[in-house]
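Here are my notes on this one, written as numbered points. Keep the structure open beside you and find each piece as you read.

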Number of protein chains: 2
Amino acid sequence: MAVYTHLGAEEMAALIARFDVGTLVSAKGIAEGVSNSNWLLETTGADGNGARFILTMYEFRIELADLPYFLSLLDHLAANGCPVPRTIHDREGKLFVTRTSPAGEGTGEDKALALIEYLPGVSVNTPTAAQACAVGAELARLHLAAADFRAHRANGMGVAEWQRLAAACGPEGLTQIDPALAEIVVSELPRLVAAWPSDLPTGVIHADLFPDNVLMLGDTVTGLIDFYFACNDILAYDLAVTHVAWCFTDDNSFRADVSAALMQGYESVRPLSPAERAAFPLLAEGAAMRFAMSRAFDWLNTPSDALVTRKDPMGPARRLGFYAANAGIFA
Amino acid sequence: MAVYTHLGAEEMAALIARFDVGTLVSAKGIAEGVSNSNWLLETTGADGNGARFILTMYEFRIELADLPYFLSLLDHLAANGCPVPRTIHDREGKLFVTRTSPAGEGTGEDKALALIEYLPGVSVNTPTAAQACAVGAELARLHLAAADFRAHRANGMGVAEWQRLAAACGPEGLTQIDPALAEIVVSELPRLVAAWPSDLPTGVIHADLFPDNVLMLGDTVTGLIDFYFACNDILAYDLAVTHVAWCFTDDNSFRADVSAALMQGYESVRPLSPAERAAFPLLAEGAAMRFAMSRAFDWLNTPSDALVTRKDPMGPARRLGFYAANAGIFA
C-alpha cells in the first residue's frame, strides 16, 4: 500500500506522451497494490474531453514474462463485455512500456508500466446478499468470456505452493502465529493434497476476488480489478476463493444468506456440474488453506513496524475449519 | 505517505452524506500526507454533473484546535482569488466533521475529517525559471490576500523549535548523520538565534511551499496546497523558505536563473522593503536551518525500514552554507 518510485511531473508527462491520451492534468499516487506503484491520472483525453486512467509500475514479484498474459486478458474480457478495465496500448500498439531507471534509483532495474482504464465504483466492506449475488454472476460471466482466451499461465499459488509456504514457515513459525495454525497444517494439508481433484473443468480464473478487488455502485458490479494472480486452474476453485472472501463476517462467522446468494448468482449464469458441487467443500478448504499459508508466510516475513498491514492468517484458517465441519451446506 | 485508517465504502458513503455533494462514485486512498490519510473522491455532485474532492482524515500531529485556522484560511484565500482548494462545509455549515472510531481501531481516538476541493495540476520536480516566477507571484498574492484574515496561529516551527530539535538530536545524533551537520549547528544556530529579526512585516505565511505543495499546468499555478504549517510569521521568511525549496538542484547546486525569477515574480506583486532585502540572506539561512533540524530529528526517529521516505537533512544544511557564503546575490 504505497508508491515505491517517485515520478516527477516531467517524467510522468513524457511517459504519457507515449500514449494517445492527451496531456497530463493531474497525477495522484494511490495507496493500492503491495507489489506495484499506482497513480490515478487525469489527462486532457484523446478527444480533448478529459479522461482518467490508472498507471501501474510493476515493482516486485510480477515476472515481466507474465505481463502480456495479465494485460491481454483484460482486453479480451473487456471486449467480451466483462466489467474489467481495458489496457491502453501505446502509440506503437504495445501493452506496456519500459522505463529505464535513473542512475542511483533503487535496484537500478528497468521497470514496466501499463496504462489501464479507470473504472468508477467503490469496494464494499460488508457485502449484502444482493451484492454477493451480482459478484457471483460476474465471476461466472468472466469464466465463460475467457473460454476462448488462448494464453495459458500456471497457478503459482496452487497446491504445491501451499506446501512450500508451510515448509518455509516451519512448525515453529506456524506455532508462533497460533498453535491452532500449526495443528491445521499438520492435520489438513496432507489430506487436501491427496484429495485435490484433477478432473474438474478448468479455464481462466481470477484467483483473488476479495471485496477489495471488486468495484460496485449499489448492487451493480462496475469493475473486477487486480488480475495479477489470474491463471488457468479449476473454475469452481475460483468460486471457492470468492466464497472464502465474501461469506464471513470480520470475526469469521458464516453468513448463510450471502453464501446462498453468491452461489445462486454464479449458477444463474454457469450451473455447477454434479462433480463440481460434490468437490466444492474440498475446494473451499483448499482456498482457505491457500490464503492461510500466504498470509502466514507474509506474517513471519514482514517487519511488525512496516506500514504495510499484515493480514491475519487465522481468518482463512478458521474458515477452513468451518468448511471441514459444514460440507453439507453446499449439497 | 500512506492511508492509516481503512474506510469501507459503507462508512465513506455515510460520511459523504453529511455534505451536499451527491453520492459516492469512487474513492481512492492517495499516497500523500505523512500526518493524515487522504482519499481522492468522486461523487455525483450537488448538481448531478459529477465532482471530485480530497477527503482528509487527521491522524497525527495536527492539533484539533488548529483545524479551524487551516480550513478557514483556505476559504479566505479562495474567496480572495488565490488558487487554493476551498473547504466544503457540511450540511450544518461546519468546516470539518468528527468520526467516532470503532471499538478496537488504533488508539480509539475520534478523528476529524475535512472535505476539500480537488484542483488539477501536477507538481514539478525541476522547476523552470518561468515556473518559479509564477510561484513567487502567487506567494506574494497569498500574503496580500491574507492581510485581513483575522485568526492567528504562532509558528510551531520557529527559532525556538530549531533549538529544541537540535537539542533533541544531540551532538552525537547530528554527528551520526554527518559530522558537518553537527558543526553547522554549533557554529550557525546561535548566530541565527541572536540575529533573528523582530521588526519585519508579518502576516499569514504558508511556511512549507516546496514544489510538492504546488500544482501547476505548464507555467501556471493551479493550486497551492498543504497549509498544515501555515501560521503568522515574517512574510519575507516565507519567500526564503520557498527559495530554499525551489532554487537548487537535487545535488544542491544553486540555480541562479530560477532564484532571480522567483524573487522577480514575488516582487512584481509585493516588492521587498530595504529592511526585508537586507535581512533576506539571514532569513534564507534560517529557513535552511528549520528544514535541516526537522529532517535531522525525523532521520533519527524514523525506522530505516519504514516505508516513509526519510528526507536527507544535509540538503538544507548545504544550502545554508551557500547562503552564508553568498549573501551578495540578494543585494
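1. Chain A has nine helices and ten strands (helices are DSSP runs of H or I with at least four residues, strands are runs of E with at least two, and both are numbered from the N terminus). Its radius of gyration is 20 Å, close to the 20 Å that the globule rule gives for 331 residues, so chain A is as compact as a globular protein of that length. That radius is taken over C-alpha atoms, and the globule rule is 2.2 Å times the number of residues to the power 0.38. Along its principal axes, the C-alpha trace of chain A spans about 55 × 45 × 35 Å.

2. A word on what you are looking at: this is a predicted model, where local features need pLDDT of at least 70, side-chain atom pairs count only at pLDDT 80 or more, and totals for chains, interfaces and linings use all residues. Residues are numbered from 1 along each chain as its sequence is written, while chains are lettered from A and ligands numbered from 1 in the order in which they are written.

3. Now find H6(A), residues 235–246, and H8(A), residues 274–301: they pack at about 55° with their axes 8 Å apart. (Axes are lines fitted to C-alpha atoms, for helices over the stretch in contact, and angles run from 0 to 180 degrees between N-to-C directions.) The two helices are therefore oblique to each other; angles under 35 degrees count as roughly parallel, over 145 as roughly antiparallel, 65 to 115 as roughly perpendicular and the rest as oblique.

4. Who touches whom here? Residues of H6(A) including A:Ala236, A:Tyr237 and A:Val244 meet residues of H8(A), among them A:Phe280, A:Leu283 and A:Phe291 (contact means C-beta atoms, placed from the backbone, within 7 Å). This contact divides into twelve nonpolar, two polar and one charged residues. Ala, Val, Leu, Ile, Met, Phe, Trp, Tyr, Cys and Pro count as nonpolar, Asp, Glu, Lys and Arg as charged, and the others, Gly among them, as polar.

5. H6(A) has another partner to look at: the axes of H3(A), residues 129–145, and H6(A) come within 11 Å and cross at roughly 160°. That makes H3(A) roughly antiparallel to H6(A). On the H3(A) side you'll find A:Ala132, A:Val135, A:Leu139 and A:His143, which meet A:Leu235, A:Asp238, A:Leu239, A:Thr242 and A:Trp246 in H6(A). By class, that gives six nonpolar, two polar and one charged residues.

6. Over in chain B, the axes of H3(B) and H6(B) come within 11 Å and cross at roughly 160°. H3(B) and H6(B) are therefore roughly antiparallel.

7. B:Met216 stands opposite B:Val221 in E9(B). Two residues lie between the strands, and B:Gly218 takes a positive phi near 60° in this hairpin.

Note on methods
Pairing = 2+ DSSP bridges. Contact = placed C-beta atoms within 7 Å.
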